[in-house]
Amino acid sequence: MAKVHITNVVVLDNPSSFLNPFQFQLTFECIEKLEEDLEWKMIYVGSAESEAFDQVLDTIYVGPVPEGRHIFVFQAEPPNVSRIPEQDAVGVTVVLLTCSYRNQEFVRVGYFINNEYADPELRENPPPKPLFHKMTRNILATKPRVTRFKINWDDTPANGVAGPSSGLDGEVAADDMGTNGIHHHHGEGNDGDDDDDDEQMDGGSDSNSQQQHSLHHHPPAEHDENSIALPPTEMPDLILVTGMPGTGKTTIIRKLSEELRARGLSVAGFYTEEVRNSATGGERSGFDVVTFTGQRAPLARVATRPATAPDNPSVGRYTVCLAEFEALALPTLDERHQARVLIVDEIGKMELKSRRFSERMDAILKEVKAGTVRFIATVPLKANGIQLIEKLKAISGCQLFHVKPSNREAIYADLLSASVRLASA
């Protein structure tokens, strides 16, 4: 029985420039303590013709690993373009995430990548030599391919050496991924059992018993989703909603709060709303915070520095209205113990300019960990360096929803289901 199970993978910063780093947020569960490190690798398949063009983008070691759920972001630099055959630069390829214990690979997650030029003219008339700085990388995150291998997890292997034992290993092929395109063999065949799992992360399995693992071209899905969510029946301890600005996170949060209240589940907290100036043709002039009971106060304004508070901090061209924000936001945060769920839209740079808000959030973080507060929040997609957000993501049972224009309608049903379970607990 496997002692480590990957329960969630989120592809971050996707689509992206070809030369940007790869970023995956992985959540895994360890059913008992592991005394030695888990070895995680990220591998870029440079060509379908030969494994010689594979590049290990990075290797990290995690451990010793205590029992429970763990979450981390695996980031790696893009591949060395000089090692990619020119004829394979544009088109479909694969990135692999693998994990091993005691030099035994026990799981592999494969994603298809579509590399293409951002400029339509270059797509129609590609240059003779690849221009990688003009390419975009789109990881087809909806249907990753997960292959599991049986290994010897015992502390004392029968032969006295940590590593694969006879009869425990085996691979099977992912032949249901399509019939055209990539057909790249990874791993050597053996005579072990053929009952290892090779399946979609969502539970589907149509594997055939073969001795080599194959990856075939998988047509792009119409519904592009960067997250493999936790099983819908699992109880989240915390829900985070992320996405680029303008993707509809606040609209989703407002709709969610209305639905929860319609079901008799009380909500505390606030959402953030743009303020636009009709005198300047609807130009954005700032942001307000609005409680779920309808109270409103300014969060930030363009070039506003009240004489009574000359030291108000700035974020870009906006000045944060600390006193007004704190007067409204802090009391609604303090109502969290009387409500079924606390919702905050968002935990961002402007809000965190308030020391008192940051202190409240630190207290909420501890209460979420202790299981005394049910919490839903939106967070920026690019939140590197914001320790509070990293700590929230690291909480066992955190469920992360990545909202995009292409998936926000479909993702709402999953978000609502998870939120109802959280608020009803």
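**Exercise 1. Give the volume of the largest cavity and identify what lines this cavity.**

The largest cavity has a volume of about 40 Å³. A cavity is a set of points, on a 1 Å grid over the protein atoms alone, where a 1.4 Å probe fits but cannot get out; grid points are joined across faces, edges and corners, and the volume is the space filled by probe spheres set on the points. The model is predicted: local features need pLDDT of at least 70, side-chain atom pairs count only at pLDDT 80 or more, and totals for chains, interfaces and linings use all residues. Residues are numbered from 1 along each chain as its sequence is written, and side-chain values use heavy atoms, without hydrogens and water.

Step 1. Searching the whole structure for cavities of 30 Å³ or more gives one.

Step 2. Lining residues, which have an atom within 4 Å of a point, include T27, R69, H70, I71 and K393.

Step 3. Strand β6 (residues 68–76) gives the largest share of this lining, three residues. Strands are DSSP runs of E, at least two residues, and helices runs of H or I, at least four, numbered from the N terminus.

**Exercise 2. Check the length of helix α4 (residues 355–370) and list its buried residues.**

Step 1. The expected span is 1.5 Å times one less than the number of residues. Helix α4 has 16 residues and should therefore span 22 Å; its end C-alpha atoms are 23 Å apart, which agrees.

Step 2. Buried (under 20% relative accessible area, 1.4 Å probe, protein chains only) are F357, M361, I364, L365, E367 and V368.

Step 3. After α4 comes G371, with a positive phi near 80°.

Notes: 1 Å grid on protein atoms, 1.4 Å probe; cavity = no way out; pocket = protein on both sides within 12 Å on 5 of 7 lines; lining within 4 Å. Buried < 20%, exposed > 50% of the residue type's maximum accessible area, 1.4 Å probe, protein only.
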